[in-house]
Amino acid sequence: MEKLENYINGKLIAPLKGKYIDNYHPATGKVYSLIPDSDAADVQLAVDAAKAAFPAWSVTPTEKRSKIMMKIASIIERDMKMFVEAESKDNGKSVHTAGMVDIPRAVSNMEFFATAIMHYAAESHIMEDTAINYTMRSPIGVVGCISPWNLPLYLFTWKIAPAIAAGNCVVAKPSEVTPMTAYLFSKACIEAGLPAGVLNIVHGLGGSCGQAIVEHPEVKAISFTGGTKTGAAIAATAAPMFKKLSLELGGKNPNIIFADCDFENMLKTTVQSSFANQGEICLCGSRIFVERPIYEKFKAAFVERVSQLKPGNPADEKTRMGAIVSKPHMEKILSYIELAQQEGGKVLCGGKRAVLDGDLKDGWFIEPTIIEGLAYNCRTNMEEIFGPVVTIMPFDTEEEVLTMANSTMYGLAASVWTENLTRAHRMAGKIQSGIIWINCWLLRDLRTPFGGMKSSGVGREGGFEALRFFTEPKNVCVKLK
Ligand code: TXE
C-alpha cells in the first residue's frame, strides 16, 4: 500500500508520529493508499522551513521566481497523463474531466501567476511639488493555503501560485480526501528546483493539521476554499490573531432562463452547469428558474438529455459522470434527495444510488437527479447539496425570480439566459453574486476577481486581486523640499 509523504524543507518525509489515514478510491470504495496523519509537530517543521526560506525567496528576482514556476508547469504538462489518472482515481471524477478541466487548469494557474508577477507594479501619487507617495508591496512572509477535494490540484495551485509568485513561503494542506496530485506536485517542485522551504505540503485532517496551520502565530495569512461552516471556524481562530483571510466558500447558485434564450445553447450548457464534476463544483447552477412560457418545453428537453447521462467507470474516456468523492458525501447527497421528497418535491429523473458491476459494484455513484415542485425557500433550495442534484422552478416576472434567486444565504455565482441585452445587464446588477455569467457558464478569465458575497466567502482570488492578497502594501510619502 503506497504511503504518501509530507513535503517539508525540500524533502519528502514521513509524519513525525508515523500515523496514517486511509485514502479511498471512490470508484471501488476501497482503500488504495495511506496519507500522513500530520499534527502540530509536523506543521511546526513546515513553518520553520518556510521561515528559513523566506529571506532569500522574498528577494529572489521575479524573473527567477517566474522561471521556476514555469518549469513546474512544464513538468505537470510533461506528466499530464499521470496527473490526470491520479486525479481521476483519487476524486472519482472522469479522466475526461480531469484531462479537460483539472490538470490543464493547474498548469494555467502556475503559468498565469509566473507571468502576472512580472507585470505587477505598485502605484504612486504625486502631491504636485510637495511630495511623492509610492506604495511598496512586499510579500507577507509565511502564509497558509488550505484546499478542498472537489478540484484538488486546480484549487491547490490556484492559491499556491500567487503566494509563491509574490515572494511568500507557503505551508499548504490539500484535502485529506484527495491528497494524491498534491503529492505528485511536490515531486514536480523538487525536480523543478524550487528552493527548499518555499513550499511545504503537510497532509492530514482539517481539525488537527489544518487547525494547526490556522492557529500558528507565525502563519500571517490564510487562503481557504471549502465549506461555509469550516470557513466560519477558520475565521473564528484567525480573526482575533489579525491574520489576512481569503475565504472561498459554498454556493447555491441560480440558473435563470428566460423564454427568449438561445434554447439549444442554454440546454447544452445547463446540463454542464448542473452536473459537471458530479455537481461537485461550488459554481454549479443547482437552482434552475425557467420563465413559465418555456417551462414545460425545457422540462421535457432537460429530463430527456439528463436521462442519457449515466454514471460510469471514471477511468473510461467515454464516461461523463464519475463517482462521488466519499461515502459520507454520497450519503449526504442521498439524504437531500430524501429531504426533497419529504418537502413535496417530485423526482423527474435519477434520485438513487447507481450500482455498477464488477469491481465498481461498491463504488459511490449517484444518478443525475432533477426535482420539481418545491417551494423556492424550502431547505432543499436553501442548503448546499454539492452533488448531482438540481431543482427546477417556473417564474413569471423579473422581480419574482430575483427575489427567489437572492433568497439564500449564499452569493457566489449565477447564470442568466436571455437575448435581451438590457435585461441581461439589469439582472446582473440586481443578482447578489460575485460572479455572473450571461449566456454561458464557467467561462473563466483568470484576471477577473473570483469569489462570492454573503456566506459564499470573504475576499477575491484571481489576477492582481490574488497578488494584492498575498502582499502587504506600505505607503511611503517623500517630501520634495
Ligand atoms: O470541506 P471542508 P468538505 C462544501 C460542500 C461540502 C462541504 C464540506 O458543500 O459538502 O463544503 O466539504 C480543511 N481548520 N464545499 O468537508 O471541511 C479540510 O481538511 C483548517 C464547497 O470537503 O471545508 C480540507 O482540506 N482546515 C467547496 C479543507 O479544509 C480545515 C469545495 C476543506 O474541507 C478545518 C468543497 C479546520 N478546522 C466543499 N476543517 C468550494 N467552495 O468549492 C477542515 N479543514
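## Before we start

Residues are numbered from 1 along each chain as its sequence is written. Because the model is predicted, local features need pLDDT of at least 70 and side-chain atom pairs count only at pLDDT 80 or more, while totals for chains, interfaces and linings use all residues; side-chain values use heavy atoms, leaving out hydrogens and water.

## A sheet of three strands

Let's begin with an open sheet of 3 strands, in the order β1-β5-β4, with mixed pairing. Its edge strands, β1 (2-3) and β4 (20-25), each pair on one side only. Strands here are DSSP runs (E, at least two residues), as are helices (H or I, at least four), numbered from the N terminus. Two strands pair if DSSP finds at least two bridges between them.

Strands β1 and β5 (residues 30-36) run parallel and are joined by 2 bridges. Lys3 has Leu34 in β5 as its bridge partner.

## A sheet of seven strands

Another open sheet has 7 strands, in the order β15-β18-β19-β14-β13-β21-β22, and its pairing is mixed too. At its edges are β15 (346-349) and β22, each pairing on one side only. Within this sheet, β13 (residues 254-257) and β14 (residues 287-291) pair in the parallel sense over 4 bridges. Ile256 has Phe289 in β14 as its bridge partner.

## Around the ligand

Which residues come nearest to the ligand? Of the 26 around it, they are Trp149, Glu176, Leu249, Lys332 and Glu384. A residue counts as near if one of its heavy atoms lies within 4 Å.

Some side chains place polar atoms by the ligand's oxygen atoms. For Trp149, an N or O atom of the side chain is 2.3 Å from a ligand oxygen. A polar side-chain atom of Thr230 lies 3.1 Å from an oxygen atom of the ligand, and one of Asn150 lies 3.5 Å from a ligand oxygen. The protein covers 86% of the 810 Å² of accessible area that the ligand has on its own (Shrake-Rupley method, 1.4 Å probe).

## Rings that meet

The structure holds 12 aromatic pairs. Rings of Phe, Tyr and Trp (its six-membered ring) pair if their centres lie within 6.5 Å; planes under 30 degrees apart count as stacked, over 60 as edge-to-face and the rest as tilted. The rings of Trp158 and Phe450 have centres 6.4 Å apart and planes at 85°, so this pair is edge-to-face. Trp158 sits in helix α5 (residues 152-165) and Phe450 in the loop between β22 (435-438) and β23 (453-454), 292 residues apart.

Notes:
Polar contact = N/O pair within 3.5 Å; in protein donor to acceptor, adjacent residues only side chain to side chain.
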